[in-house]
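Some words used for structures rest on a cut-off or a rule.

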Protein chains: 2
Amino acid sequence: MEKLAETHAPVPELVQRRWSPRAFSSRPVEPEKLRSLFEAARWAASSGNTQPWSFIIATKDDPENFGRVLQAFNENNQAWAKDAPLIGLSVAALNFPGSDKPNRFAFHDVGQAAATLAITATDLGLQLHQMGGIFPDKAREIFGVPQDYEVVAGLALGYPGDANALPEKLRERELAPRQRKPAAEFVFTGQWGKTAPVLAPKS
Amino acid sequence: MEKLAETHAPVPELVQRRWSPRAFSSRPVEPEKLRSLFEAARWAASSGNTQPWSFIIATKDDPENFGRVLQAFNENNQAWAKDAPLIGLSVAALNFPGSDKPNRFAFHDVGQAAATLAITATDLGLQLHQMGGIFPDKAREIFGVPQDYEVVAGLALGYPGDANALPEKLRERELAPRQRKPAAEFVFTGQWGKTAPVLAPKS
C-alpha cells in the first residue's frame, strides 16, 4: 500500500512517499537494509556534532528481545506493533558528551536522526512508524538506560502490509487521507504570524 | 563544493550528499525552491500529527528582515551566516494544540521537519546549515513569539559557495572530513550498550 502526500509544491519522491503505516507485512527486513537504515541515521546533523541519538531494536525472529521492547509500548501501540518485523526505541543523550551540561538539542537531534531513518526506509521499500505512546521509565528499567539518557519514542518498521488485517478502527485511520496544515500557517517573515511573502496565497 | 559522507553501508544519495556548509554562493534561492523546501518540512512525521514546527525566514534581498534574524544569531554564526541568501529560525509549539499540556515531542518533531528540509535542500542543489548558537529569548522579543512557543535553532540556506572566501579558521573546518561515531556504538539489542547483532563488527 502507498499513501502519497498531496503536496502544494514538488517535493522529493522519498518525502512524498514516506508515511506511518500500522499494517506491516510479516516479511523480515534484510540485515543489509537494517545496516543502511542506521548508517543513514548516523549521518544526520546535530548541534556541535554531538550525535545524541541511540536506538534499542529487536526483530520478530528474536522473541525474547522483541517482547522486551513491546512491553515499553502502551496497549494501543502494542496491538498493531506486535506484528511488525522490527520494533525499537530511540534514546537521547541529555547532556553534552563528557559533561553534565544539558544539551538543549538532545530531543531535536534524535528527531533529525529518526526523520533521516524514515526517509531512508522509504527508499528501501520499507516504512517507519514512530510512536509517542510508550513508557519511557519502564523502558529505562527494562534495558538499563543510564540516568543521563532518556528514552524518547517507539519505532516499528517493515514492509507495508494489508490494511484489511487491522481492527476496524485502525483500518479506517490507515486508509484516511493524510492531513497537514498549509505552509502559509507556519512560515513567517518579519513578525510572528505574518506569512512569508513567498508562501502567501496569490490574490 | 561537495562533501560526501564516507558511509559503511549504502545510504540514499540525498543523505550522503547533505552537509552543513558555512560558505554560501550569493546566488539567490528561487521562490519555487523555497516553496518546495517548506512543503517538504510540512510532510514530516509528528507525534499525534501535532506539527509543532514553525519557521521565521528572511532573504538577503530584504535587508530589514534579514537583519532582524541575524541579530538572533551569536557572533560566531553571524560572521558567516550574514552572507547566506536565506537565514531563519525554527520555532517549537511547546504544548498540544489548544491545551496547556506540554508536548514532549515539540523539539523532537521540529528536528524531524528540519531534517526533512535539509534533505530536500540537497535534492535542490542547496544546503542547509543549522545553528545551535542563537539567542532564543532575544529572538522571541524581536519577532513577538508567544510564550507557549520556543525559538529552537538558527538556519542558513543557499547554494554552496567557495570555502576560500571564509576566514582561515572556518575554512579549515569547512574542508575537514566529516566525522561520526560508528553505528555499532549507538544501536543496541536486549540491553543498553550491547551492540545489535546486525551491526556488530564481523570477527
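The questions below go from the pair of chains to single residues, in a model that is predicted.

Q: What makes the two copies related as by a two-fold rotation axis?
A: Chain B can be laid on chain A by a turn of 180° and a shift of 0.0 Å along the axis, with an RMSD of 0.0 Å. The two copies are thus related as by a two-fold rotation axis. In chain B, the C-alpha nearest that axis belongs to His108(B), at 2.0 Å.

Q: How do you know that the same surface serves both copies?
A: Of the contact residues of chain B, 99% recur in chain A.

Q: Why is chain A called as compact as a globular protein of its length?
A: The globule rule gives 17 Å for 203 residues, and the radius of gyration of chain A is 18 Å, close to that value, so chain A is as compact as a globular protein of that length. Along the principal axes, the C-alpha atoms of chain A fill a box of roughly 60 × 50 × 30 Å. Buried residues are 52% of the 203 residues in chain A.

Q: Which elements make up chain A, and in what pattern?
A: Chain A has seven helices and five strands. Along the sequence they follow the pattern α-α-β-α-α-β-α-β-α-β-α-β. Among contacts in chain A with a separation of 6 or more, 70% are between residues 24 or more positions apart.

Q: What makes S3(A) and S5(B) the edge strands of the sheet?
A: The open sheet has five strands in the order S3(A)-S4(A)-S2(A)-S1(A)-S5(B), and its pairing is mixed. Strand S3 (127-131) of chain A and strand S5 (187-188) of chain B each pair on one side only, and they are the edge strands.

Q: How do you know that S3(A) and S4(A) pair?
A: Two strands pair if there are at least two bridges between them. Five bridges join S3(A) to strand S4 (residues 149-158) of chain A, and the two run antiparallel. With five bridges, the pair meets that cut-off. Leu155(A) in S4(A) is the bridge partner of Gln130(A), and Leu157(A) in S4(A) is that of Leu128(A).

Q: What joins S2(A) to S4(A)?
A: Eight bridges do, and these strands run antiparallel. Ser90(A) stands opposite Ala153(A) in S4(A).

Q: Why is S4(A) called mostly covered?
A: Nine of the ten residues of S4(A) are buried. Helix H6 (residues 136-143) of chain A lies across strand S1 (53-59), strand S2 (86-93) and S4 of chain A, and runs at about 90° to S4(A).

Q: What makes S5(A) and S1(B) a pair?
A: Strand S5 (residues 187-188) of chain A and S1(B) are joined by two bridges, in the parallel sense. The cut-off is at least two bridges, so two are enough. Within S1(B), Phe55(B) is the bridge partner of Val187(A).

Q: Which element gives the largest share of the side of chain B that touches chain A?
A: The contact takes 69 residues from chain B and 68 residues from chain A. On the side of chain B, H5(B) gives the largest share, 13 residues. The residues of that side divide into 38 nonpolar, 22 polar and nine charged.

Q: Is Val15(B) buried or exposed, and how do you know that?
A: A residue is buried if 20 or more other C-beta atoms lie within 10 Å of its own. Val15(B) has 27 other C-beta atoms within 10 Å, so Val15(B) is buried. Val15(B) lies in helix H1 of chain B. Leaving out residues up to four places away in sequence, Val15(B) touches Ala40(A), Trp43(A), Thr116(A), Thr120(A) and Ile119(B).

Q: Does Ala196(B) count as buried or exposed, and why?
A: Ala196(B) has 24 C-beta neighbours inside 10 Å and therefore counts as buried. Ala196(B) is in the segment after S5 of chain B. Apart from neighbours within four places in sequence, Ala196(B) is in contact with Ile57(A), Val187(B), Phe188(B) and Thr189(B).

How values were computed
Residues are numbered from 1 along each chain as its sequence is written. Chains are lettered from A and ligands numbered from 1 in the order in which they are written. This is a predicted model: local features need pLDDT of at least 70, side-chain atom pairs count only at pLDDT 80 or more; totals for chains, interfaces and linings use all residues. Copies are superposed by least squares on the C-alpha atoms of residues with pLDDT of at least 70 in both. Two residues are in contact if their C-beta atoms, placed from the backbone, lie within 7 Å. Helices (H or I, at least four residues) and strands (E, at least two) are DSSP runs, numbered from the N terminus. The radius of gyration is taken over C-alpha atoms; the globule rule is 2.2 Å times the number of residues to the power 0.38. A residue is buried if 20 or more other C-beta atoms lie within 10 Å of its own, exposed if 12 or fewer, and partly exposed in between; C-beta atoms are placed from the backbone. Axes are lines fitted to C-alpha atoms, for helices over the stretch in contact, and angles run from 0 to 180 degrees between N-to-C directions. Ala, Val, Leu, Ile, Met, Phe, Trp, Tyr, Cys and Pro count as nonpolar, Asp, Glu, Lys and Arg as charged, and the others, Gly among them, as polar.
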